[in-house]
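Subject: Structure handover

Hello,

Here is the structure I promised to pass on. Please open it alongside this email; my notes follow below.

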Amino acid sequence: MSVVFVLVFAAIIMAGAFLIAFIWSVKNGQYDDTYTPSVRMLFDDPEMKEEKKTEEKTQAQAKKKK
Amino acid sequence: MSEDLKCIHCGNSCGKSPVIFEGNPFCCSGCSTVYQILHASQLKQYYQIEPMAGIKIDEMQLPASETYAFLDLDQFKSKILNFSEGGISKVSFFIPEIHCASCIWLLENLHSLNKGIIQSFVNFPKKEINITFNENEISLRQLVDLLVSIHYIPEINQHSIDKKSTDQSDKKLFIKIGIAAFSFMNAMIYHFPQYLPGNEFLEADMKKLFGWLSVLLAIPVLTYSASDYFLTAWKSLKKKIISIDLPIALGLITLFTQSLVEIISGAGIGYIDSLTGLVFFMLIGRWYQGKTYQALSFERDYKTYFPLAVTKITDSGSITIPLEDLKSGDQILVRNQEIVPADSILKSGTASIDYSFVTGESMPVTKKAGDFVFAGGRQIGNAIELTIEKEVQQSYLTQLWNQVENPLTAENKLNTIVNRVSQYFTVVIVLIAIGSGLFWYFNKPELALFAFTSVLIIACPCALALTVPFTFGSTMRQYGRKGFYLKNTAVIEHLYKVDTVVFDKTGTITNAQSSDIRFVGKELTAEELLTIKSLAFHSSHPLSKTIYNSIEGVEILEVKDFQEIPSLGISGLVNGIRINMGSRYFVTGEMSKDENLKTEVWIYLKDAVAGHFQLENEYRPGLQDLIRKLQKTHELHLLTGDNDAEKANLIQFFGNDKSLHFNQSPTDKLNYIRKLQQEGRKVLMIGDGLNDAGALNESNVGIVIADNVFNFSPACDAILQSKQFGKLDQFIQFTHRSMNIVKAGFLISFLYNVVGLSFAVQGNLTPIVAAILMPISSVSVVAFASFSVSLSAKQALKE
């Protein structure tokens, strides 16, 4: 049964990782606006999309720095 | 009216004389200007994402470019910018006009319009734009001017400086919920083996491990996620008040200690899964209830209405100073579309001041040099010079605001239905707990303590505490869908208790936008009407516009020798015929005889006075119905700052004149509400302008009627879209249904409690009973509340 002990700890570490990811995403502001991104992704300009991605990254970085 | 051309920018009818640019029709030159700007920058996709999404703003209504001159001053710039370093700055603006996908697209492509803009980001629910820009290429002022030029006018006022870090609490709640959910799920896994047959074969070590792991999980839930419940319970206990949080806190503590005892003694694994589950559900309830309309503001005071800076005229030229520095005796300049910031005297020229935000009256008031001008009006037309009489703080409008404090909030909190119920509930539960403890003490002493704690555990009023958030939260969402926006869920209960409704007149029960227009005088021929229309076309005065729109016809005749005499009227030659339009004095040469205050436009045509147009405020559609329905259940009053010219009409609506009060100053309105409240009445005030602000604040529920809910409205409890005015009675009636649902929800949770208590008093409350009963009661109450609200909303709130 000792394998169960291993599994229990593996499970809680995994769940804990997700919890930390969740807390990080909340603090990072990913839940601030749950509507606009759904519209933004529909703008069909291939150039735009790529720019957006990098922009989002820089924005996230800028926020972190703050 | 065979072909109805729609402006490709804003979708409004182009009327009879569209502006054509590149073969596209526009309703006005303002729209075509924006089109040209976007066209030049390859941003025409704006029109493809959502057709005709543009914002129509008349050129006359655009703020003068000097309006934003203060943004060049460092003292304002540093306050408005969120961040600035090495020439790169970040700023966020609230733009009420953001309304569709096209808006998002355009505003996020601002960099195509100006290289200096590095990136822009829209938060649609908040109607906010975050811009990062290079100050070496574009200044803050130029940035704002750019937004104005494409008709997205940002709101820059005290509010935009003050509000930062508002949504921190929201994030905290999310994290609390996350932690509770994490602990709940994991604790369930550890507890589950115990509930299955054959658990006696489980190794003792494993039981112990599961037990201690769940205790570890419970600690952050108790100390962090549920901390608010302990805090509020403690606070209310100190004030000797029993609130709903008290039995919750009691239940949580008992759950934890009981579990701890069982785990340490090795008797079992405890109730940690129930404990974490409870906290999780209650936090979900809190989140559901606390969701608010992000872009709406219910707390605005005069500071958010007035500008940040004014232009002061000194001997050495004009300078921009902050509003606070304005002293009486100062000379200031107020441009087109700017707001008069303080009570003052008009120094020169004629002013045409729109007080619609203050009184609800949409027709501008004309002032001559030497006239006293109250603060709060918006100048329309040329720039005017004013001498400040009173400082901003001492101005009439501001004074009114300062008179009101909110004495009701503290008292009302105690009186909510959930707290009244929980007072009895707590007492009864504690008595039952002691009773069953005593009973077992004499019969089977080893069960006494267990029975006592079991009662406290199972009685933890989670379901009870969830009923109100979910019922009222759903109700608020249903209202929101129908155009009735509440500040918070507590308003529903206040609205339910209301027994007296007080209306404001102008702008509230009358329609500020459209007026009833009729012509008094000789019969006009079609040709004469066309002549009048053609002349009115050339003037931007609101009265000319109203007349222009009221006359049908396609073509516009050529007007020669057009003259506009400020505050008097307009004149011109059409087909060689002289035509004058304007005030009675201007057209006939005689002063108005009676001061009946009805707006009149006189016409002089073909060497004779033809008669006059009479404009009357139109009552909102559905008013008659609404009053008839409300009268059955509520006492109705009407307060208006106007004279009693409309008395006869109003009596038709209200049936009698006892409760109609005319010539009421804003302070009178406030005092009237106070008087009603002193008589023990619960008052609902419905108003629209700043002059109702005092009364709105003082009343138990203050509702503001607004054409555009995102525009400025005085502080209030709820905002009602003007289109939905006729449904007010439905909204009020619906609070009764909500209340009934709350009561039914209470009944359900009591039934669960009876079942749970029957286990508890017998000393049979095993963890499995708790683990089944507590989540089921919570979930079923939540489901019942949300489901029955949306079901009854379908019946009661019809389109």
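Start with the open sheet of three strands in chain B, which has the order β12-β11-β14 and antiparallel pairing. Its edge strands are β12 (365–367) and β14 (378–379) of chain B, each of which pairs on one side only. Strands pair here if DSSP finds at least two bridges between them. Helices (H or I, at least four residues) and strands (E, at least two) are DSSP runs, numbered from the N terminus.

Before the rest, the ground rules. This is a predicted model, in which local features need pLDDT of at least 70, side-chain atom pairs count only at pLDDT 80 or more, and totals for chains, interfaces and linings use all residues. Residues are numbered from 1 along each chain as its sequence is written, while chains are lettered from A and ligands numbered from 1 in the order in which they are written.

Back to the sheet. Strand β11 (residues 351–354) of chain B runs antiparallel to β12(B), and three bridges join them. B:Ser352 has B:Thr366 in β12(B) as its bridge partner.

B:Lys368 sits in the loop between β12 and β13 (372–373) of chain B. B:Lys368 counts as exposed, because it has 12 C-beta neighbours inside 10 Å. The classes are as follows: a residue is buried if 20 or more other C-beta atoms lie within 10 Å of its own, exposed if 12 or fewer, and partly exposed in between, with C-beta atoms placed from the backbone. Leaving aside neighbours within four places in sequence, B:Lys368 is in contact with B:Leu346 and B:Thr350. Contact means that the C-beta atoms of two residues, placed from the backbone, lie within 7 Å. B:Lys368 and B:Glu385 are 17 residues apart along the chain, and their C-alpha atoms are separated by 11 Å.

Two hairpins in chain B deserve a look.

- β3 (residues 81–85) and β4 (residues 88–94) of chain B run antiparallel and are joined by four bridges. B:Phe83 stands opposite B:Lys90 in β4(B). Two residues lie between the strands of this hairpin, and B:Gly86 in the turn has a positive phi of about 55°.
- β5(B) pairs with β6 (residues 128–134) of chain B in the antiparallel sense, over six bridges. B:Asn123 stands opposite B:Glu128 in β6(B). This hairpin has four residues between its strands, and B:Lys127 takes a positive phi near 55°. Strand β5 (residues 117–123) of chain B has five of its seven residues buried, so it is largely enclosed by the rest of the structure.

Next, the helix packing around α27(B). Which way does α16(B) run against α27(B), roughly parallel or roughly antiparallel? Helix α16 (residues 445–458) and helix α27 (residues 728–761) of chain B pack at an angle of about 165°, with their axes 8 Å apart. That makes α16(B) roughly antiparallel to α27(B). The contact is made by B:Ala451, B:Ser454, B:Val455 and B:Ile458 of α16(B) and B:Gly756, B:Leu757, B:Phe759, B:Ala760 and B:Val761 of α27(B). By class, this contact has seven nonpolar, two polar and no charged residues.

Axes are lines fitted to C-alpha atoms, for helices over the stretch in contact, and angles run from 0 to 180 degrees between N-to-C directions. Angles under 35 degrees count as roughly parallel, over 145 as roughly antiparallel, 65 to 115 as roughly perpendicular and the rest as oblique. Ala, Val, Leu, Ile, Met, Phe, Trp, Tyr, Cys and Pro count as nonpolar, Asp, Glu, Lys and Arg as charged, and the others, Gly among them, as polar.

Helix α15 (residues 417–443) of chain B also packs here: its axis and that of α27(B) come within 13 Å and cross at roughly 10°. That makes α15(B) roughly parallel to α27(B). Contact residues are B:Ile417, B:Val421, B:Ile432 and B:Ser436 of α15(B), with B:Val742, B:Phe746, B:Leu757 and B:Val761 of α27(B). By class, the contact of α15(B) with α27(B) has seven nonpolar, one polar and no charged residues.

Last, chain A. Chain A has three helices and zero strands. Buried residues make up 5% of its 66 residues.

Best wishes
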